[in-house]
Amino acid sequence: MGRPGLNRRQLLAGVGGLTVAGSLGFAALGTGADALGSSASTRVRYWNLFSGGDGYNMIAMLDAFRKANPGIAVKDSTLQWGNPFYTKLAMAAAGNRAPDLGVMHMGRVTGFSPGRLLDAWDVDLLAKYGIREQDYNPKLWQRGVIDGKLYALPLDIHVQLCFYRKDVLKKAGLLGDNDRIVPITSTDDWFDVLKEAKTATKKGLQTIGLWINDQNFQWWFFVAFYTQLGGTWFNDARTEVTFDTDKATQVLEFLRRHVTDGYANPGMGSVGAEQFINGAPFAWEGNWSVPVYDAAKLDYGAIPLPPVFGRQATHAESHSFVLPHQSDRGGATNEAAHQLAAYVVTHAQQWAAGGHIPAYTPTLSTAAYKKLYPQNEYVSAMNHQATEPKVWFAGSTGILAQRVGPIVVSSTMGSAKPDAAARRMKSELTTLLAMKNPMDGKTAAQGGAVA
C-alpha cells in the first residue's frame, strides 16, 4: 500500500512548529559509536532520547547485549529530549533515512502516522526472542496497537509519585507500623496529613513540592485525579467531547487548595526536589527522581499519587520501542532490531534500578525486583495507569499538554477560577478534536486511533 509523501513544513507543524535548526544534533553513546565500521555481520542503528541516569542505564544494557551477541553491532545515538527528537525522527522516516530502531513515548505514537512514519512490529519475530502479549499488562500492550497492528513495544511505564520523608512523617505521627505512610483515601485525609506534616517541617521549607509553574507536571497531576473521578475525554468515535467540567472543577479546586492553605509556595514551584532533599516532607515527582533521592541517602518512601477521590489512578506514560519507517525494511537488520528491542525489554532489571516500572511483567516477580525499594512500594501503579486519551495530539510534551497544561497552571496559581478554567479546557479540547494532524491531514475521528 502506497504512502503519500510528507513535506518538511507538515513535519514541523506536526511537532508544534518548533524551530529545529541547530537543535537536531546528536551524540553517540556507549561503545557503539564506531559500530558501522566494525566487522560484525549485522549492524543496527538505534536512536533514543535517554540522558542522565537513564542514559547510563541504557548504555549498560546495550553493552550487555553486545557482549551476548557479538555478531550484531549496535550504533546507538542519543538525541535531544522532547519535540526536537520527534522532529528529527519524523524527518528521517519521511526521507527514508530512518534508523533501524527508535524510542518514543507511547502517547505520541497515534499522532506519528503509524503505517507511514512507523512500521509495524512482526509479533512472530518478537515471540522468537521471548516477547509475548500475555507477558504484558493488557491495557499497556493495547496502547501500542493501532488498527490491529502493534506499532509500539513498551519498555516501561513511568509514573507520577508521592514521595515522602520518613524522618519528618515519623515526627508528625504519620507513619504506620509498617514504616510506611498512613492510608489516604479522601481529600480530607490528604489535607489532614499535610496539616500534621507541616507542624514537623523545618522553617523555610514548603510542605509539598508540586511544580506549580510547570505546565507538564500540572497537566499530569490533573490527568491522574480526573481519572480517579472517572472523567472521560471523548466518545469512542472521537467525534464528541465528553469532558466533564464539574469533575474537572473538583480537581482544579483540589490542586489550588495546596496553595491557598499554605502547603505549596508558588515562588518555589520548580524546586520541589531540592526542598525534599533539604527536609520538606512531600514531593510529587516522576519515578525518575528515585536515583536522585537514593544518591542523597534519604530515608524516604514513594507511593502512587494518593487516591483522594476514592479510586486508584496515577499518571503514567511509557517509553516504547518503535520501528521508524524504512522502504526496504526486512532481512537480517530488521530481525536484529527485533532481537535488540526484545533483549532490552526482557533484561530490564538495570532499567528498574532507575525508578521505571518494567513493562515486561515477569521482571516484576523476580527476587531482585522485589528487593528494590521504593520501587516495590509503587509497583501497583502498573494496574491503575491514568493516561492521556488515545488521539494524535496527545502524548509527552505534545500539543494537548501545550494547550491545556497552561490552563491548569492558571487555576493552581490563582489567576483563573477553577470553574472558568474547566470551561476553557473543554473549549480547547473541542478545538483540538476538530484539528487535522499535519502528519496525515486527518482528524482524531479519521486517524484510526482504535485498538
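Student: Which residues in α12 do Met58, Met61, Leu62, Ala64, Phe65 and Ala68 in α2 meet?

Tutor: First, some ground rules: this is a predicted model, where local features need pLDDT of at least 70 and side-chain atom pairs count only at pLDDT 80 or more, while totals for chains, interfaces and linings use all residues. Residues are numbered from 1 along each chain as its sequence is written, and side-chain values use heavy atoms, leaving out hydrogens and water. Helices (H or I, at least four residues) and strands (E, at least two) are DSSP runs, numbered from the N terminus. Taking contact as heavy atoms within 4.5 Å, those α2 residues meet Gln339, Leu340, Tyr343 and Val344.

Student: How many nonpolar residues does that contact of α2 with α12 have?

Tutor: Sort them by class: Ala, Val, Leu, Ile, Met, Phe, Trp, Tyr, Cys and Pro count as nonpolar, Asp, Glu, Lys and Arg as charged, and the others, Gly among them, as polar. The contact has no charged residues and one polar residue. The nonpolar ones number nine.

Student: So are α2 and α12 parallel or oblique to each other?

Tutor: Two packed helices are described by the angle between their axes and the distance between the axes. Helix α2 (residues 52–68) and helix α12 (residues 331–346) have axes 10 Å apart, at an angle of about 120°; axes are lines fitted to C-alpha atoms, for helices over the stretch in contact, and angles run from 0 to 180 degrees between N-to-C directions. Under 35 degrees is roughly parallel, over 145 roughly antiparallel, 65 to 115 roughly perpendicular and the rest oblique. That makes α2 and α12 oblique.

Student: At roughly what angle do the axes of α9 and α16 cross?

Tutor: Here we have helix α9 (residues 245–260) and helix α16 (residues 399–413), whose axes come within 7 Å. The pair is oblique. Their axes cross at roughly 45°.

Student: Which residues of α16 make the contact with α9?

Tutor: On the α9 side you'll find Leu252, Leu255, Arg256 and Val259. Across from them, α16 brings in Val408, Ser411, Thr412 and Met413.

Student: Is Leu252 buried or exposed?

Tutor: Leu252 sits in helix α9. Leaving aside neighbours within four places in sequence, the contacts of Leu252 include Phe222, Val408, Pro418 and Met425. Buried means under 20% relative accessible area, exposed over 50%, and partly exposed in between (1.4 Å probe, protein chains only). With a relative accessible area of 0%, Leu252 is buried.

Student: How far apart in space are Leu252 and Ser411?

Tutor: In sequence, 159 residues separate Leu252 and Ser411. In space, C-alpha to C-alpha, the distance is 6.5 Å.

Student: Is the peptide bond from Tyr373 to Pro374 cis or trans?

Tutor: Look in the loop between α14 (367–370) and α15 (375–378), where Pro374 lies. Omega from Tyr373 to Pro374 is near 10°. That bond is cis.

Student: What is the phi of Thr397, about?

Tutor: You'll find Thr397 in the loop between β16 (385–386) and α16. Thr397 is buried, with a relative accessible area of 10%. Its phi is positive although Thr397 is not a glycine, at about 60°.

Student: And what is the mean pLDDT of the protein?

Tutor: The pLDDT is the predictor's confidence in each residue, from 0 to 100. In this protein, 89% of residues reach 70 or more. The mean is 89.
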